[in-house]
Amino acid sequence: MEEEEEEQREWRLYEAYNELHGLAQDLQTPFDAPAVLVVGHQTDGKSALVEALMGFQFNHVGGGTKTRRPITLHMKYEPHCHSPLCHLVSDTDPSHSTQKTLPQIQAHIEAENARLEHDASAQFSAAEIIIKVQYKHCPNLTIIDTPGLIAPAPGRKNRALQAQARAVESLVRAKMQHKDFIILCLEDCSDWSNATTRRLVMQVDPDLARTVVVSTKLDTRIPQFARPSDVEVFLSPPPSTLDGCILGDSPFFTSVPSGRVGSGSGYLYASNDDFKQAVCFREIEDVASLEEKLGRVLSKQERSRIGVSKLRLFLEELLQKRYINNVPLIIPLLEKEYRSVTRKLSDINQELSTLDEARLKEKGRAFHDMFLTKLSLLLKGTVVAPPDKFGETLQDERTNGGAFVGADGVQFPHKLIPNAGMRLYGGAQYHRAMAEFRFVVGGIKCPPITREEIVNACGVEDIHDGTNYSRTACVIAVAKARDTFEPFLHQLGSRLLYILKRLLPISVYLLQKDSEYLSGHEVFLRRVASAFNNFAESTEKSCREKCMEDLVSTTRYVSWSLHNKSRAGLRQFLDSFGGTEHSNACNNPTTTVLQTSANEKEDTKSQLDVKLSHVASGTDSSSSIQTTETKLADLLDSTLWNRRLAPSSERIVYGLVQQIFHGIREYFLVSTELKFNCFLLMPIVDKLPALLREDLESAFQDDLDNVFDITNLKHSFGQQKRDTEIELKRIKRLKEKFRMIHEQLILNRSM
């Protein structure tokens with residue numbers, strides 16, 4: 001009787017933990033039940049070992065990837081169950097399970113593997129296939145079989161397999177993070193210095209404190225050892241070789257016989273009992289082979305580590321200890337979860353009670369005000385939103401929002417921009433982007449000018465065929481300026497729009513943090529988000545068009561006062577060319593006359609009137625008049641009538657182009673920054689509130705039901721209420737189970 005009562009207590013304990021594990025998976029709660037997590041590479045014999053531990057075959061075993069979803073097996077020892085009784089837990093409704101035969105279980109697993117194999121977006125899934133099993137050969141264990149780790153070959157042609165390897169490794173690492181899981185680490189090797197699977201396991205469990213190491217395929221290892229000393233080292237590896245304090249103090253060694261259960265020529269075992277018996281015989285043969293190699297009888301300690309049955313006994317005892325020790329810790333967690341779900345149910349009931357028109361309008365207007373407050377706060381500056389989550393370095397910003405790139409395709413080194421390495425958002429990020437724009441555009445030099453461009457720009461006038469180098473310089477300068485600066489205008493608009501749109505998710509975070517977010521009202525929230533994004537896009541487009549008008553005006557007509565600031569600037573510019581050719585001034589009348597001409601342009605009379613006035617005053621001799629006339633003739637010959645481009649003429653054109661280009665650049669910089677601040681940034685502050693309120697009130701008047709989707713809201717909240725009530729009942733039932741188990745354990749200790 002006492003044995004039966006003890007067995008009943010153990011069953012209740014295992015059943016409670018199985019239910020707790022299912023609850024943790026379904027509700028993603030912070031607690032979990034102890035379980036054995038099997039980790040190993042492909043072809044390490046993972047699935048075969050799991051089948052041997054269970055005492056029956058059910059899975060698809062073989063080379064390649066046969067497991068693409070973790071398989072959780074809640075096993076319960078049932079002496080009266082002569083064939084495995086399996087229940088497959090529903091993926092959509094975890095509280096519901098369906099009894100399945102072993103072929104049906106295997107077909108379901110294979111179908112899931114095939115589905116994921118052909119799913120290019122996700123070839124592996126972390127969602128567990130949960131199977132409850134009762135059988136006379138089953139241990140009382142919960143085992144999770146994970147997809148096999150992959151060791152792909154290097155090289156570009158193996159990229160697909162490398163991507164799969166990363167996906168599997170990520171999935172397995174996430175499963176190992178559960179502190180209550182015992183990790184069953186499988187190693188398929190003869191030398192313990194090769195830590196193929198331990199390499200990954202020790203990233204999560206560095207000391208192997210919750211890891212059981214298992215060497216599989218022992219029957220194939222034994223013939224490889226030539227000397228007894230090699231076998232001794234393999235069975236008892238030195239601490240320097242096997243790092244950490246592994247569970248059980250030393251590795252386990254297992255062999256699983258090949259062959260499948262079934263009827264027909266391709267099957268080796270007629271029943272699962274035959275398979276179970278073959279596993280036992282294999283264990284006896286392994287012990288005999290080891291004793292033959294060693295030339296001695298294995299000690300009791302050594303025998304306790306060899307064979308599937310010894311591993312199963314060790315895991316069962318270990319898990320039972322964990323179950324019992326964790327009972328007092330789980331009750332407070334369940335209490336906390338019960339309180340949390342109770343509050344959640346209360347909130348849902350509160351939401352259901354406020355689904356009338358007046359209250360919904362009030363909530364919508366209040367959200368409107370709070371949303372605008374968060375936007376304003378982000379622009380003015382705040383540290384409430386964590387920079388590591390929402391901030392962006394300049395490199396991140398360039399990648400996501402676009403970089404400032406000129407015609408040469410070269411980006412300005414981001415390290416030279418102030419605060420480039422800082423993770424910014426909101427107004428700080430906007431200011432940094434504008435500063436980068438000033439740095440990049442302000443440093444642009446006039447593109448190179450070729451002689452062909454100068455000659456082509458000369459063209460033919462509508463009344464004569466002479467050359468006009470002033471016009472030539474203007475034609476070249478405005479064309480270069482337009483081609484250079486227009487792309488930067490579009491890039492700036494795109495970048496600043498990206499930064500402003502980022503304000504939306506950060507504002508949502510701040511609202512959620514302050515419990516001001518309208519959770520459940522997705523239609524209304526999407527409308528607000530859409531209105532904000534549309535406003536930002538239309539405002540940016542309008543601002544960019546204004547800036548484009550400025551660029552067009554400055555590249556359509558050249559005002560010398562704009563580019564030279566004063567006539568003195570032009571004279572200084574021409575003097576700089578005259579100075580370089582001072583030694584040739586006597587032999588080059590063109591330069592001399594140009595300089596004279598520039599100086600005399602300060603008078604309101606024409607150049608010819610100035611010369612005549614000098615003659616009338618009597619200060620110049622007749623020879624001086626002749627010299628000046630000769631220089632004028634030479635000037636006309638070299639600039640108006642002669643199309644051969646002299647070096648001095650080329651330099652003058654180039655200098656004029658530089659002067660005009662730089663004038664356009666300075667005006668473009670100032671006007672663009674000013675307009676984006678006035679017509680993009682400021683409307684977010686002073687125009688957006690009125691527009692959002694107008695859109696909101698218009699929607700309230702036209703169709704309030706569609707704005708809040710009241711019908712679907714009632715249905716959604718109703719469904720949430722029903723699901724939460726079921727969840728609350730499950731937690732309450734489980735809490736009572738663990739309390740009874742805890743009381744029974746205390747009673748047993750006192751007796």
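These legends walk through several close-up views of the structure shown above.

The model is predicted, so local features are given where pLDDT is at least 70 and side-chain atom pairs where pLDDT is 80 or more, while totals for chains, interfaces and linings use all residues. Residues are numbered from 1 along each chain as its sequence is written, and side-chain values use heavy atoms, with hydrogens and water left out.

View 1. Helices (H or I, at least four residues) and strands (E, at least two) are DSSP runs, numbered from the N terminus. Of the 751 residues, 45% count as buried. Buried means under 20% relative accessible area, exposed means over 50%, and partly exposed is in between (1.4 Å probe, protein chains only). Contact means heavy atoms within 4.5 Å. Take the contacts with a separation of 6 or more: 80% of them are between residues 24 or more positions apart.

**View 2. Here is helix H2, residues 46-54.** Nine of its nine residues are buried, so H2 is largely enclosed by the rest of the structure. Among them you'll find Lys46 and Glu51, along with Leu49, Val50 and Met54. Just after H2 comes glycine 55, with a positive phi of about 95 degrees.

**View 3. Glutamate 283 sits in helix H8, residues 272-294.** Its relative accessibility is 11%, so glutamate 283 counts as buried. What does glutamate 283 touch, leaving aside its neighbours within four places in sequence? It is in contact with Ile306, Gly307, Val308, Ser309 and Lys310. Take valine 308: it is 25 residues from glutamate 283 in sequence, yet their C-alpha atoms are 7.3 Å apart in space.

**View 4. Helices H14 (residues 426-442) and H24 (residues 647-686) cross at roughly 165 degrees, with their axes coming within 10 Å.** Axes are lines fitted to C-alpha atoms, for helices over the stretch in contact, and angles run from 0 to 180 degrees between N-to-C directions. H14 passes H24 in a right-handed crossing. Right-handed means the near helix is turned clockwise from the far one by less than a right angle, and left-handed means anticlockwise. The contact includes Tyr430, Met434 and Phe437 of H14, and Phe668, Leu669 and Phe676 of H24. By class, it has eight nonpolar, three polar and three charged residues. Nonpolar covers Ala, Val, Leu, Ile, Met, Phe, Trp, Tyr, Cys and Pro, charged covers Asp, Glu, Lys and Arg, and the others, Gly among them, are polar.

**View 5. Helices H16 (residues 469-501) and H18 (residues 522-554) have axes that come within 10 Å and cross at roughly 165 degrees.** That makes H16 roughly antiparallel to H18, and their crossing is right-handed. Residues making the contact include Phe485, Leu489 and His490 of H16, and Ala536, Glu540 and Cys547 of H18. Sorted by class, the contact has eleven nonpolar, five polar and six charged residues.

**View 6. How many disulfides are there?** The count is zero, where a disulfide is a pair of cysteine sulfur atoms within 2.5 Å. Look at cysteine 678: the nearest cysteine sulfur, that of cysteine 543, is 8.7 Å away. At 37% relative accessibility, cysteine 678 counts as partly exposed. Cysteine 280 also counts as partly exposed, at 36%.

How values were computed
Angles under 35 degrees count as roughly parallel, over 145 as roughly antiparallel, 65 to 115 as roughly perpendicular and the rest as oblique.
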